[in-house]
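I opened my notebook to record, step by step, what I looked up in this protein. I wanted to begin with the overall layout and then go to single residues.

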Amino acid sequence: MPADFAFSLVTKYCETCGKALILHNNRDIQRKRFCSKLCLGKWMVSQGLLTNDYSLETREKMRQSKIDLLKTGWLPTGWRKYLPHRRIAGRGYVFIGQKREHQVVMEKVLGRLLGKGEVVHHIDGNKTNNDIGNLRLMTNSEHMKYHTSQRRLSYVSASI
Ligand SMILES: [Zn+2]
Ligand SMILES: [Zn+2]
């Protein structure tokens with residue numbers, strides 16, 4: 001067996017956060033210095049190599065300020081801009097800009113962004129009826145359970 005294929009583990013440490021990196025291929029062993037793009041980004045910023053810092057922290061700040069705005073009744077930029085172009089696309093959902101209207105409405109009512117496992121369900125099954133009275137916030141698993149119990153509904157409509 002050529003030496004290159006000998007399996008060995010080398011431990012290096014992320015130069016930004018110190019997290020251990022367990023490496024097994026030669027290319028990584030020679031070149032890898034950071035655990036993640038975030039740590040690479042932080043290092044680049046510290047070296048002045050990156051000025052337009054869209055690191056996770058920046059994104060988190062932007063996300064938080066968006067949530068703060070939602071609490072004050074603010075609607076995403078797309079709302080006004082795209083309202084005349086409110087359109088039905090993607091499996092029958094109503095879109096406002098890039099966002100689905102039922103999700104926008106729910107986020108506005110909640111005063112926060114939807115979480116990853118959260119689904120906005122249409123009570124009457126009509127994806128274009130995005131009145132808040134027709135919308136219910138569910139977890140993904142609740143939602144799946146609900147729709148599998150509705151035997152008449154096909155898999156396709158399971159995301160209504
Ligand atoms: Zn790191
Ligand atoms: Zn549903």
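**Entry 1: the whole chain.** I noted before anything else that this is a predicted model, and then I looked up its secondary structure, which comes to six helices and seven strands. Reading along the sequence, I wrote down the pattern β-β-α-α-α-α-β-β-β-α-β-β-α. I also looked up burial, and found that buried residues make up 9% of the 160 residues in the protein. Of the contacts with a separation of 6 or more, 27% are between residues 24 or more positions apart.

Entry 2: How many bridges join strand E1 to strand E2? I found four bridges between E1 (residues 10–13) and E2 (residues 20–23), and the two strands run antiparallel. I reminded myself that the strands of a sheet pair through backbone hydrogen bonds, in either a parallel or an antiparallel way. Within this pair, threonine 11 stands opposite isoleucine 22 in E2. The hairpin has six residues between its strands, and there I looked up glycine 18, which takes a positive phi near 85 degrees.

**Entry 3: tyrosine 13.** I stayed with strand E1, where tyrosine 13 is found. Is tyrosine 13 counted as buried or partly exposed? Tyrosine 13 counts as partly exposed because it has 13 C-beta neighbours inside 10 Å, whereas a buried residue needs 20 or more. Not counting residues up to four places away in sequence, tyrosine 13 touches Gly18, Lys19, Ala20 and Leu21. I also looked up cysteine 35, which is 22 residues from tyrosine 13 in sequence and 7.9 Å from it in space, C-alpha to C-alpha.

**Entry 4: the open sheet.** In which order do the three strands of the open sheet lie? I wrote down the order E3-E4-E5, with antiparallel pairing. The edge strands are E3 (87–89) and E5 (99–100), each of which pairs on one side only. Between E3 and strand E4 (residues 93–96) I found three bridges, and I noted that the bridge partner of isoleucine 88 is valine 94 in E4.

**Entry 5: phenylalanine 95.** This residue lies in strand E4. Phenylalanine 95 counts as partly exposed, because 17 C-beta neighbours lie inside 10 Å. Leaving aside neighbours within four places in sequence, I found phenylalanine 95 in contact with Arg87, Ala89, Gly90, Arg100 and Glu101. I then looked up threonine 128, which is 33 residues from phenylalanine 95 along the chain, with 9.6 Å between their C-alpha atoms.

**Entry 6: helix H5.** Which residues of helix H5 are buried? In this helix, which covers residues 101–110, I listed Glu101, His102, Val104, Met106 and Glu107 as the buried residues. Following H5 is glycine 111, and I noted its positive phi, near 75 degrees.

**Entry 7: leucine 38.** Leucine 38 counts as partly exposed because it has 15 C-beta neighbours inside 10 Å.

Definitions and conventions:
Residues are numbered from 1 along each chain as its sequence is written. Chains are lettered from A and ligands numbered from 1 in the order in which they are written. This is a predicted model: local features need pLDDT of at least 70, side-chain atom pairs count only at pLDDT 80 or more; totals for chains, interfaces and linings use all residues. A residue is buried if 20 or more other C-beta atoms lie within 10 Å of its own, exposed if 12 or fewer, and partly exposed in between; C-beta atoms are placed from the backbone. Two strands pair if DSSP finds at least two bridges between them. Two residues are in contact if their C-beta atoms, placed from the backbone, lie within 7 Å.
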